[in-house]
Each structure stands twice: as C-alpha cells, then as structure tokens.
Amino acid sequence: MATGGPRAARSLSGRKPRCVHRAVESRTHASRAPTVKQQHTPAQPPSNVDATLALLEQHDYVAERRLATAVFLALKLQRPLFLEGEAGVGKTEIAKVLAAGLARPLVRLQCYEGLDTAGAVYEWNYPRQMIEIRLAEAAGGVERGELSHDIFTTRFLLRRPLLQALSPEDGAPPVLLIDELDRADEPFEAYLLEVLSDYQVTIPELGTIRAHTPPVVVITSNRTREIHDAIKRRCLYHWVDYPDAARELAIVARKCPAASASLAREVVAFTQRLRTLDLFKSPGIAETLDWAEALVALDRITLDPQTVADTLGALLKYQDDVAAITPDVAARLVREAQAEQA
Amino acid sequence: MTAARAAQAHLADNVLYFVRVLRAAGLPVGPAKVIDALAAIEAVGLDNRSDFREALAAVLVSRREHLPIFEQAFDMFWRNPRLLEKMIAALLPRIQGRVSDPADDLPARLAQAMLPPPRTVPDDAQETDLDAALSFSSREVLQHKDFATMTVDELAEVKALLRKMSLPLPAQRVRRTIAASRGRAIDLRATLRASVGAGGALTPLHFRARRRRPPPLCVLCDVSGSMDRYARMLLHFLHAVTNDRHRVQVLTFGTRLTNITRHLRHRDVDVALARVSGAVEDWAGGTRIGTCLMEFNRKWSRRLLGQNAVVLLISDGLDADAGEGLAFEAERLAKSCARLVWLNPLLRYAGFEARPAGIRALLPHVDDFLPVHNVETLTDLAHALAHPRQRRAGITAAA
C-alpha cells in the first residue's frame, strides 16, 4: 500500500490533492538507496584482473584472486555475479564495494518469501489514481478509454528496486544487489529469468522496459535452499569461502585498525583453529571482526582463556557450539594461537 | 494391384503391432497414432530406411527419454530377427544384486512388451473362472502382503501400483497472495482496473488471500542390509513422489549419506533407479544412523529444510552404533523441520517393542510413527499425514 507517511517533508506546488503528492515524494525517497543522493560520474570498469583486485583493495575489500577474476568477468561480460557462501563471509559487501569503486548508485533488493512484483519491480500509486479518477469525474465527460490511458502512465508508477536498476532516473546504470535470493520463493526466481537474461521487465499497461546499459548485478545466496539451475546458468558463479589466515589478518587490520597487530594475529589464529573444529556453524569473517572489536572494547591486548569464554558469544551463535568449547579446549586453542606468534 | 494392396495391408498390420509393442513398453501412443504413422510412412515412402525410421519416430515419440526405447524397439522389430534371441535371454531371471546398467535394462523391458505374457497352464474348463477370480483377489492380497515376502511377479505388479501413487501433504499457507473472492486483503490493483473499466464508478472491491501450497518434503531412506527389500520397493514410490510434485529431496543412508534427488528426477523409472544404484555406495551394508543424521544436520539441513519442510525418515531403527549420539542428532533434526515422520517396516509385527537402542533414541523426537511394509500402509500414509498430529507427544508411551 502506498499510503503517505508522516515523514513527507517537502510539499510540492500548491496543487489540489496535496497529501497524495507528498505521499509519492516520501515513498520514492524512502525506497531509494542512500547513495543515490550523491552525484555520480561512473568510473571506467577495471581493464584486467589486477586492476579489479586493486579496485576492491582500495575500498577495503581484501579479495582472493579467484573472486577478483569472477568480478572482472562479470563486469567485462556484463553477466550477473552469483555469490554463494556461508553467512558472514562478505558476499553483500562485494556489491557495496563495487558500487563505491565504480561510483555507481547501489540499488538493493532484499528477498523474502512472497516477494512479488509490487515489492520488487513496480506498483501503481492507487490513491493518486483514485483521486485522478474523481477529478476527471468532477470535470465531467469521462471517456473510458482515455481515462484508462491517463491513469496508467509513468506519472502513477512507483518504481521498486528492479525497475530502478533497469531504468535509473539519473541515467547512470547502478549496481543491483539481489540479496539472499534463497529466501524468496521459486515463482520470484522464475520472474528473475527475464530480468537477468534480457535486462528488461514487462509492465502490462505500459509495455516492456529495457535497460539501455545493463546494471552490474550481484546476487547472493546463503544456500538455505538450492537455486534453480536456470538462474545459475545465466550468471557467473563464485563460492565465497572462509579466508586463509594471511587474508583474514589483512581484513582485520583494515576493518578493525583499533586492534593491535599482535592481538589481531592472535584473534585470527584462534578463529582459524576454531574453523577446523567440528562445529555446527563456523564463525565467518564478520564474526572475527565483531570479536576483535569486542576485545578492543574490553581493553584486552592479548587473549586469555577467561576472556575467550566470556566473549565467545561474538564468535559462536549456537549453544551446542558454545558448549563444545569447554575451558580446556579454549585454553588449548589460546595456547596454540599464541605459540604460532612466537 | 491386389498384390500391392495386400502388401500395404501387411505393412499396416506391422505398424499396428509395432505401436502395440511401444505401448506395452510404456510409451504413451494412442490408437490415433497408428493412423498418423501410416500417413507419415505414406508421405516419406519406403525407399529409404532411415527416412522410414525418422518418420515413425517423429510421430510416435513425444519425449526425449522415450527415444532410446523407440530406437531399440525399431531395430528389433524391423531389422534384426536375431535380436529376439537376446531379448529372450534378457528375460531370464537375473541373479539378484545391483540393478544393472540402464542400457541393459531396456531390452528386458522391450522383451516383456514384445512377447505375449507368459500363460499359466490353464486348468481346462475352469480357465475363465480362475482368471476372473485371480485378477480381483490377487490385487486384494497384494494390498496387504508384506514387501519382504513377495514373489518376483508380485513385486513387479506392486511396482506398477507404486508408480501411480502420490503423497498429498496438507498444503500450508505461504506468504504469496492470490486473487480470491473471500480474501481478507483488498486487491487495489484489480479494484482500480475494474473501476476504470466502469468509467470511474464505484465498483465492488476485489480481494486477495494467502496462497496455499504443499510444504517441501525431504526423505531420508535407510538402504542398509536389514532394509534392503523395503528400500528397493520404496524407491519406486519415491520416484513417483519426486516426479509428482516440486520441492522433494531424497537422500539415502546406510554408512554414509547420499543425495539421490537428481537421479530420481529422471522420468524413466528404470534409468532413474539404475543411476541411484550407481550413486549409492553403501547399499545393503551396515547402518550408522547417528553418524548419517549428524552429517545431514551439518551439511544438508540448512539447505533442504527451509520453509517448513516435512521430513520422512524411512528406517527400521536398527543401528550398528547402538544409538550412540543418535538422540542428540534426532532432536536437532526434529527441531529444524516442521514435522518429522518416521516410517518403520518393523511396525508390521503386532508385538513390536521399542527395545533396540536406536529405536528408543529416535522415538521421543518423532511426530508420527507409522508402518511402511505394504501397499496399504503407503496408501494410508497420505491419510495419516493429512490429519492433525500431536506434536511430539504420546509416542514413547505407546511404544
């Protein structure tokens, strides 16, 4: 429903159905990504894998070469990039970094079960249309064909992320992030096929809208269900894995500069060891960073078993996993992590 | 003139017979196809053998997986009389073991189709009476007979029955909506369209309601030695269920876990089962239920059990590890799915007691505990699943 919120700050010209216009304004702004407000002069996409790697690094994303290759190919071949991996390994971050690096707006579509065209592509602004009908009635002499022609124009169209990405208002093709596609249901997946292969959407009342320049599309999935092969076929696939120690250390150094070099090394060594254990959910990079920040907040400069036990909630999110790290295990892991430094 | 006509009639007979063979081999070819086939032959002529073949194929084959059957039938029927001997050899009973290569199985199926069904030696005058009695009561008997005690013929007949079964799980409401006259949410889009159509006049409101669809289904089938006979039969059933509806996943376990969904998706049941037996390495071996459930919980549960999945666990619960770690994993499995249904062939015994450690570990965590040893229990399964359950209660007491 496109009813107006109290947030409508600007009022338009003093035309009659004022509240409706305000509603439109607030809605459009609310659904836009925050970055849209900056002026964009899209940067040239990187010309090779090394340049891609450098571009990602510039924006604090320490990528492995395989990922950089996939990103480079996605940009070069104008194919969607399909990223799959455990939660917290930096899938969504890639889209954000790409948007920043290429100086393009980021349009994000968070998927959920039951996501439909009204939420993902477009919706008609019904209140406004109703007012229009009433006005036409009041003026008298309504002609049906004309009325329907007037009502279903872009003036009454609320643009949702997919449409925003395909026909951006300021002309710059954005980075389209379709986040956690596995949360949407199969009908939505099927709908995406047209969007991803031809970069177009069809609105029955208006016709087919096609992107002049295709957006950079990044799709992520946590694998809570299998995505259909037909979607994957259209994309470049990359499995985002946990980073190795060196890369994780670089990430911690970038993202959590407050942590001292020695603490960062200990944290990374500990987490890397934790991932070798038989856990229900191994900690991702996001958890490592959380933990490092937690330790900094507690003013720790080195790991000790007690601190580990107290802050384990930042790393492990399942009670069974937390219970598996007994004081003995924690002490052993800390010892090993610190021995590695020496 | 008459000779030519006689030859043509002969050809028509042969085509008719060939179509019958294909039908018996499982291709959906109706009587109308015979006329189409004759017309096609007339159009391409009889000069070129491969044209003749392609013309028949174009008319008689409507699915890719039927093509190999057609081709083999064509070769046998129209060319090589010696192949018939091979067919007969293929009909001879095989030593029970792994299902053989699909390529080898096709001739067997064709041979079944081409040769008239083996007649039981008739008892002179009583022949007709006996026939009628057999066809009725045999089906009745088959409904109740245990899979494990069936003869080869009975198994074949039951397989045909199983292939036609489905498993209608009660549909759940999902978050997607559908136009409905008695829905609760107003469908503004439809209302407005109607209003515009009426020239802006007020029109009745249109509504939408939440859609319903059956939940995802995940089947864990025990293929260990003690379950061998049942598992082989149930795979026919699972093949039918997999191809009947969306969102079905089938995994087998014995000493290891194997996802066989992709293999079962093959429409042809023989090819599908041959691929399954190629993929499953621990067939008729031991059982380590706890280890396998742990692997499932770690590797698969998050991928397969989203959106309120129902889990069917098919196992006799006889565990080589004596139920070690099983209770823990069973609890986790039960907590990560909407409903855990345990189908156990051992329940056929009236005096069934939950003695073995594996069974005792599993029981407290299942929502339904049902028998699965004959056609009747499978038929009842749909009924049992459709009815409301008491969540995790009373099963231990009953056992």
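Residues are numbered from 1 along each chain as its sequence is written, and chains are lettered from A, with ligands numbered from 1, in the order in which they are written. In this predicted model local features need pLDDT of at least 70, side-chain atom pairs count only at pLDDT 80 or more, and totals for chains, interfaces and linings use all residues, while side-chain values use heavy atoms, with hydrogens and water left out.

Biologist: Which element of chain B has the highest confidence?
Modeller: Confidence here is pLDDT, the predictor's score for each residue from 0 to 100. The mean for chain B is 78, and 79% of its residues reach 70 or more. Helix H17 (residues 395-398) is lowest, at a mean of 44, and the highest, at 94, is S4(B).

Biologist: Over which residues of chain B does pLDDT stay under 50, with 5 contacts beyond four places in sequence?
Modeller: Where pLDDT is low, the predicted coordinates should not be read in detail. One stretch under 50 is residues 392-399 of chain B, with 16 contacts (heavy atoms within 4.5 Å) beyond four places in sequence. The stretch with 5 such contacts is residues 119-137.

Biologist: What share of the residues of chain B count as buried?
Modeller: Chain B has 17 helices and 9 strands. These are DSSP runs numbered from the N terminus: helices are H or I of at least four residues, strands E of at least two. Buried means under 20% relative accessible area, exposed over 50%, partly exposed in between, with a 1.4 Å probe and protein chains only. Of the 399 residues of chain B, the buried share is 44%.

Biologist: Is B:Ser301 buried or exposed?
Modeller: B:Ser301 is found in helix H13 (residues 289-304) of chain B. Beyond its neighbours within four places in sequence, B:Ser301 is in contact with A:Phe280, B:Phe296 and B:Ser336. Its relative accessible area is 6%, so B:Ser301 is buried.

Biologist: Which strands stand at the edges of the open sheet in chain A?
Modeller: The sheet has 5 strands with parallel pairing, in the order S2-S5-S8-S1-S9. Two strands pair if DSSP finds at least two bridges between them. Each edge strand has a single partner, so one side is left without a neighbour in the sheet. The edge strands are S2 (106-110) and S9 (236-240) of chain A.

Biologist: What is the bridge partner of A:Val107 in S5(A)?
Modeller: S2(A) and strand S5 (residues 175-179) of chain A pair in the parallel sense over 5 bridges. In S5(A), the partner of A:Val107 is A:Leu176.

Biologist: What is the relative accessible area of A:Thr213?
Modeller: A:Thr213 is in the loop between strand S7 (207-210) and strand S8 (216-221) of chain A. A:Thr213 counts as partly exposed, because its relative accessible area is 40%.
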